[in-house]
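Visitor: I am new to this structure. Please show me how to read a few of its features.

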Amino acid sequence: MTARQKLPPRRLQITEPLECHGKQYLIGIGFDVEGRAKEAFMQALKTPGSDIEALLQDACILFSKALQAGVAAAEVADWLSREGIDGGAAASPIGIIAERTRAIEAECGQALREAYAAVAR
């Protein structure tokens, strides 16, 4: 892995609700000036302060460190557990956040780069 990329103190973030196995979460994904995800946050909406929320927050820290070290969100998403034997949907909340991160980078990367460029002017 490469050295961890230092992030700017202010950065764009996308926040959205997420559901996994009937549980509700709020996720946040922060981006660098190139439109690549560099951090992820997750909060359990109905069980704040629970052991599962602490576990998910720790998983997001590890995910964020990997992103900042240059590992692609798509690569992390491919490493994580899947439902079923045929490689179905992500099996866990952290798998789902990795999948959403991959999708948001693909869908919004250009718009994020343009937004950063507009702010820099």
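Guide: Start with Cys 20. It is buried, at 4% relative accessibility. Buried means under 20% relative accessible area, exposed means over 50%, and partly exposed lies in between (1.4 Å probe, protein chains only). This is a predicted model: local features need pLDDT of at least 70, side-chain atom pairs count only at pLDDT 80 or more, and totals for chains, interfaces and linings use all residues. Residues are numbered from 1 along each chain as its sequence is written, and side-chain values use heavy atoms, with hydrogens and water left out.

Visitor: How many disulfides does a search of the whole structure find?

Guide: First, the general idea. A disulfide is a covalent bond between the sulfur atoms of two cysteines. The cut-off here is a pair of cysteine sulfur atoms within 2.5 Å. The search of the whole structure finds 0.

Visitor: How do strands β1 and β2 pair, parallel or antiparallel?

Guide: Helices (H or I, at least four residues) and strands (E, at least two) are DSSP runs, numbered from the N terminus. Two strands pair if DSSP finds at least two bridges between them. Here β1 (residues 13–20) and β2 (residues 23–31) are antiparallel, with 8 bridges.

Visitor: How many salt bridges does a search of the whole structure find?

Guide: The rule comes first. A salt bridge needs a side-chain nitrogen of Lys or Arg within 4 Å of a carboxyl oxygen of Asp or Glu. The search of the whole structure gives 6. One of them joins the side chains of Glu 16 and Arg 100, at 2.6 Å from N to O. This pair links distant parts of the chain: Glu 16 is in strand β1, Arg 100 is in helix α3 (residues 93–120), and they are 84 residues apart.

Visitor: Is Glu 16 buried or exposed?

Guide: Glu 16 counts as buried, at 18% relative accessibility.

Visitor: Which parts does the salt bridge of Arg 102 and Asp 78 tie together?

Guide: Look at the atoms first. The closest N and O atoms of Arg 102 and Asp 78 are 3.0 Å apart. Arg 102 lies in helix α3 and Asp 78 in helix α2 (residues 73–79), so the pair ties together parts 24 residues apart in sequence. Arg 102 is partly exposed, at 26% relative accessibility. Asp 78 is exposed, at 53%. Salt bridges with shared partners join Asp 78, Arg 82, Glu 99 and Arg 102 into one network.

Visitor: Which residue does Arg 36 meet in a salt bridge?

Guide: Arg 36 meets Asp 32, side chain to side chain, at 3.2 Å from N to O. Asp 32 is buried, at 1% relative accessibility. Arg 36 is partly exposed, at 40%.

Visitor: How far is Ala 106 from Arg 36 in space?

Guide: Their C-alpha atoms are 9.2 Å apart, while the two residues are 70 apart in sequence. Ala 106 is found in helix α3. Ala 106 is exposed, at 68% relative accessible area.
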